Amino acid sequence: MKCIVCHSDDIQTREVYEELKVGQDIVYVPIHVLVCQSCGERYYSRQTMHFLEEVEQELQKKREGKLELQELGKVLLYR
Ligand SMILES: [Zn+2]
């Protein structure tokens with residue numbers, strides 16, 4: 001498999017944090033994806049896409065206050 005962006009063939013499975021937005025919040029979801037080691041392009045399997053869709057639906061419950069998540073830090077705006 002070659003990277004469609006930079007044509008490198010150095011593509012390896014890595015654990016990355018996918019960022020999902022829930023309202024103003026960002027939720028990090030650890031997933032395993034193929035990542036181009038040259039340019040960082042990520043390649044999602046159909047299975048992973050499906051998993052992320054499920055997590056997104058689950059996160060909608062958070063907006064209704066039904067899901068407890070661990071808070072890692074805050075996103076702050078300087079102006
Ligand atoms: Zn690449």
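Student: Which residue in the turn between β2 and β3 has a positive phi?
Tutor: G40 does, with a phi of about 90 degrees; the hairpin formed by β2 and β3 has five residues between the strands. Strands here are DSSP runs of E with at least two residues, and helices are runs of H or I with at least four, both numbered from the N terminus. This is a predicted model, in which local features need pLDDT of at least 70, side-chain atom pairs count only at pLDDT 80 or more, and totals for chains, interfaces and linings use all residues. Residues are numbered from 1 along each chain as its sequence is written.

Student: How many bridges join β2 to β3?
Tutor: Two bridges join β2 to β3 (residues 42-43), and the strands run antiparallel. Strands count as paired if DSSP finds at least two bridges between them. V35 has R42 as its bridge partner in β3, and L34 stands opposite Y43.

Student: And how many bridges join β1 to β2?
Tutor: Twelve bridges link β1 (residues 11-22) with β2 (residues 25-36), again in an antiparallel arrangement. These two strands form a hairpin with two residues between them, and G23 in the turn has a positive phi of about 60 degrees.

Student: In what order do the strands lie in the sheet?
Tutor: The order is β1-β2-β3, in an open sheet of three strands with antiparallel pairing. β1 and β3 stand at the edges with a single partner strand each, so one side of each has no neighbour in the sheet.

Student: Let us take R14. Which strand is it in, and what stands opposite it?
Tutor: R14 lies in β1, and V33 in β2 stands opposite R14. Leaving aside neighbours within four places in sequence, R14 is in contact with V33 and V35. Contact requires that the C-beta atoms of two residues, placed from the backbone, lie within 7 Å.

Student: How exposed is R14?
Tutor: R14 is partly exposed, with 14 other C-beta atoms within 10 Å. A residue is buried if 20 or more other C-beta atoms lie within 10 Å of its own, exposed if 12 or fewer, and partly exposed in between.

Student: Changing topic: is α1 buried or in the open?
Tutor: Helix α1 lies largely in the open, because the number of buried residues among its 18 is zero.

Student: What span should α1 have, and what is the distance between its ends?
Tutor: At 1.5 Å a residue, α1 (residues 46-63) should span 26 Å, and its end C-alpha atoms are 26 Å apart, so the two values agree. The expected span is 1.5 Å times one less than the number of residues in the helix.

Student: Where does α1 lie relative to the strands?
Tutor: α1 lies across β1 and β2 and runs at about 25 degrees to β1. Axes are lines fitted to C-alpha atoms, for helices over the stretch in contact, and angles run from 0 to 180 degrees between N-to-C directions. G65, which follows α1, has a positive phi near 80 degrees.

Student: Which residue other than glycine has a positive phi?
Tutor: H7 is one of that kind, with a phi near 65 degrees. H7 is in the segment before β1 and is exposed, with 10 other C-beta atoms within 10 Å.

Student: What about R79, after α1? Where is it relative to E56?
Tutor: R79 is in the segment after α1 and is exposed, with 2 other C-beta atoms within 10 Å. R79 and E56 are 23 residues apart in sequence, and their C-alpha atoms are 31 Å apart. From R14 to R79 the C-alpha separation is 36 Å, across 65 residues of chain.

Student: What radius of gyration does the whole chain have?
Tutor: The chain has 16 Å, whereas a compact globule of 79 residues would have a value near 12 Å. The radius is taken over C-alpha atoms, and the globule rule is 2.2 Å times the number of residues to the power 0.38. Along the principal axes, the C-alpha atoms fill a box of roughly 45 × 35 × 15 Å. Buried residues make up 1% of the 79 residues.

Student: Finally, what is the mean pLDDT?
Tutor: The mean for the chain is 92, and 100% of the residues reach 70 or more. pLDDT is the predictor's confidence in each residue, from 0 to 100. Among the elements, α1 has the lowest mean (91) and β3 the highest (96).
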